Amino acid sequence: MTNAIILENVSKRFDEVWAVRGLSLTIRGGSIFGLLGPNGSGKSTTMRMMLGLVKPDSGRVSVHGIDPAQNPVGVKRIIGYVPETPRLYEYLTAAEYLDFIREAYGVAPSVWRSRVAEFLEAFGLSGREGELLAGYSRGMKQKIALMAAFLHRPRVLILDEPLSGLDPKSARLVKEMLHKLALDGTTTIISTHVLEIAEAICDRIAILYEGEKIAEGSPEELKLLSESPSSTLEDVFLKLTGSEDIRELVEALVR
Ligand SMILES: Nc1ncnc2c1ncn2[C@@H]1O[C@H](COP(=O)(O)OP(=O)(O)O)[C@@H](O)[C@H]1O
Ligand SMILES: [Mg+2]
């Protein structure tokens, strides 16, 4: 598989705060790539730069050869995005909302109807599609946002903390769906501050801390960074972010 997304030495500052600093990433097509880090570590900003919603101050971003800062519309055509807090049109029904999204992406109604029915069934929302989104719970809205992102079969999925608010069964379903899509070549970038999620879903993980990448590798490789073979990703994470000494050491190791 070729590379789907490349970030080269990308930085973004908001006033005094470096949201992202000197970040380079190479994300292979058909992989599930995790951005793991505590709140404020730059995960959402990184994703927003891939989408052309935020322009980097310096460095370059490429999504299947498209520079999102130059061509924000072109890049959105090939990406399905679920933001941290999806904003849906609350006074549409779920069916009306999904149809609106269908029109925006120019997908044929017939193709769409079968896909929507499948998804509604899988997420346990069959029969609820005629209700106003305003009356939906957070988890139900999250499912509709995920459906809207998946339904046009984008080449790249960008999911910002997608599993928070989902019940365990739906979270498992999303995981399975991502693995299935990966087999077809879909690339997924998923952010999370939950270590178990990154470990369970991702082929490769970059750990961000204060806007910088402090480690990158497969879940197994990241575990090797700590000296104890039985350590969990959580141990690694705490080691990496817990103390300046260890942070420097690991930075030297992964350079
Ligand atoms: N639009 C913005 N204006 C000002 N500061 C921002 C903005 N977006 C992000 N930041 C700051 O950048 C840092 C990284 O934020 P973010 O990318 O949202 O991190 P994460 O998603 O990992 O929680 C934080 O300190 C945040 O306050
Ligand atoms: Mg975030």
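This passage describes the magnesium site, a three-stranded sheet and helix α1 of a predicted model. Local features were required to have pLDDT of at least 70 and side-chain atom pairs pLDDT 80 or more, whereas totals for chains, interfaces and linings use all residues. Residues are numbered from 1 along each chain, chains are lettered from A and ligands numbered from 1, in the order in which they are written, and side-chain values use heavy atoms, without hydrogens and water.

The magnesium ion (ligand 2) has S44 (OG) and E84 (OE) as its protein donors, at 2.1 to 2.7 Å; donors are N, O and S atoms within 2.8 Å of the metal (3.2 Å for Na, K and Ca), and sites may look incomplete because water is not among the atoms. S44 belongs to helix α1 (residues 43-50), while E84 lies 40 residues apart in the loop between β5 (79-82) and α3 (94-105). Helices (H or I, at least four residues) and strands (E, at least two) are DSSP runs, numbered from the N terminus.

An open sheet has the order β2-β1-β4 with antiparallel pairing, pairing being assigned where DSSP finds at least two bridges between two strands. Because β2 (17-28) and β4 (58-63) each have a single partner strand, one side of each is left without a neighbour in the sheet. Strand β1 (residues 3-14) is joined to β4 by five bridges, and E8 stands opposite R60 in β4.

By contrast, E84 is partly exposed, at 39%. Helix α1 is followed by G52, with a positive phi near 75°.

Conventions
Buried < 20%, exposed > 50% of the residue type's maximum accessible area, 1.4 Å probe, protein only. Contact = heavy atoms within 4.5 Å. Axes fitted to C-alpha atoms, helices over the stretch in contact; angles between N-to-C directions.
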